Amino acid sequence: MTTVKTPADEAEARAIQDELRHHVVLDEPGPPPGHGFVTGVDVAYDDERDLVAAAAVVLDAVTLDVVEEATAVGHVSFPYVPGLLAFRELPTVLAALDALTTPPGLVVCDGYGLAHPRGFGLACHLGVVTGLPAIGIAKNPFTFTYEEPGARRGDAAPLHAPDGAVVGRALRTQDGIKPVYVSVGHRVSLDNACAHALALSPRFRIPESTRHADSLCRRALREAAG
């Protein structure tokens, strides 16, 4: 079972990020789109009950059919701090992944990888601690700037960090619809991450991996909260 240490405070969390950031692998292309398995992960919170539910949904990369799904519910173990969200989500996400019997293949997070104020979002953190290839596909812009991409499916524009570095792409997954925001997490190239984002989004703006995981974690949270 994969486990992570819960930091005692914000300073320790930042120190852990700083240490793990050096282990991110950026020189591998990653698994090709349309082959093997792709696993979407997502979380939902019940702040009143201090609960977090995570879902991991394995899809056949060819058909996008659900192969296996798993959930885990736990208590929030770290306070909300911008830039340190992974420490709230990782323990339960890892428990959901560990409950799978199918190899996850590529892991797709509803969030960010390198496109993160500290260059180490959930997709990076999850990839490093599990060793799995991981990418982030986020619904909303965060701490970066970009030019609006073209209006056609597949059009993209680079995401720029405050220092000007390219940390991802704003990617149009459907004609004329708001883009998603793709960034590398671990062991996947940006070109490949964007190709996966398109392959996972044949009909809707949001990837099928995220759509399934979002629905499942919300259902698990409702059941856990009674």
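## Close-up views of a predicted model

**View 1. Strand 8 and its partners.** Within strand 8, Val 180 is the bridge partner of Leu 171. This is a predicted model, where local features need pLDDT of at least 70, side-chain atom pairs count only at pLDDT 80 or more, and totals for chains, interfaces and linings use all residues. Residues are numbered from 1 along each chain as its sequence is written, and side-chain values use heavy atoms, leaving out hydrogens and water. Strand 7 and strand 8 run antiparallel, joined by three bridges. (Strands are DSSP E runs of at least two residues, helices H or I runs of at least four, numbered from the N terminus; two strands pair if DSSP finds at least two bridges between them.) Strand 5 also pairs with strand 8, antiparallel, over five bridges. There, Gly 136 has Ser 183 of strand 8 as its bridge partner. Seven of the seven residues of strand 8 are buried (under 20% relative accessible area; exposed is over 50%, partly exposed in between; 1.4 Å probe, protein chains only).

**View 2. Helix 3, mostly covered.** Helix 3 spans residues 122-130, and seven of its nine residues are buried. They are Leu 122, Ala 123, Cys 124, His 125, Leu 126, Gly 127 and Val 128. The cover over these buried residues includes helix 1 (10-21) and helix 2. Strand 1, strand 4, strand 5 and strand 8 also contribute to it. Gly 131 follows helix 3, with a positive phi near 80°.

**View 3. Helix 4, mostly covered.** Helix 4 runs over residues 190-199 and buries seven of its ten residues. Leu 190, Asn 192, Ala 193 and Cys 194 are among them. His 196, Ala 197 and Leu 198 are buried too. Their cover includes strand 1 (37-46), strand 4 (106-109) and strand 5 (134-138). Strand 7 (166-171) and strand 8 (180-186) are also part of that cover.

**View 4. Thr 173 in its loop.** Thr 173 sits in the loop between strand 7 and strand 8. Thr 173 counts as buried because its relative accessibility is 1%. Its side chain reaches the backbone oxygen of Arg 205 at 2.9 Å. Leaving aside neighbours within four places in sequence, Thr 173 is in contact (heavy atoms within 4.5 Å) with residues including Arg 153, Val 180, Ser 201 and Phe 204. Ala 197 and Leu 198 are also in contact with Thr 173, and both are buried residues of helix 4.

**View 5. Ala 70 in strand 3.** Ala 70 belongs to strand 3, residues 66-75. Its relative accessibility is 9%, so Ala 70 counts as buried. Ala 54 is 16 residues away in sequence and 8.4 Å away in space, C-alpha to C-alpha.

**View 6. Lining of the largest pocket.** The lining holds 25 residues. (A pocket is an open set of points on a 1 Å grid over the protein atoms alone, where a 1.4 Å probe fits, with protein on both sides within 12 Å along at least five of seven lines; lining residues have an atom within 4 Å of a point.) Leu 85, Glu 89, Asp 110, Gly 111 and Tyr 112 lie nearest the centre. Strand 1 and helix 2 (86-98) each supply at least two lining residues.

Key: Polar contact = N/O pair within 3.5 Å; in protein donor to acceptor, adjacent residues only side chain to side chain.
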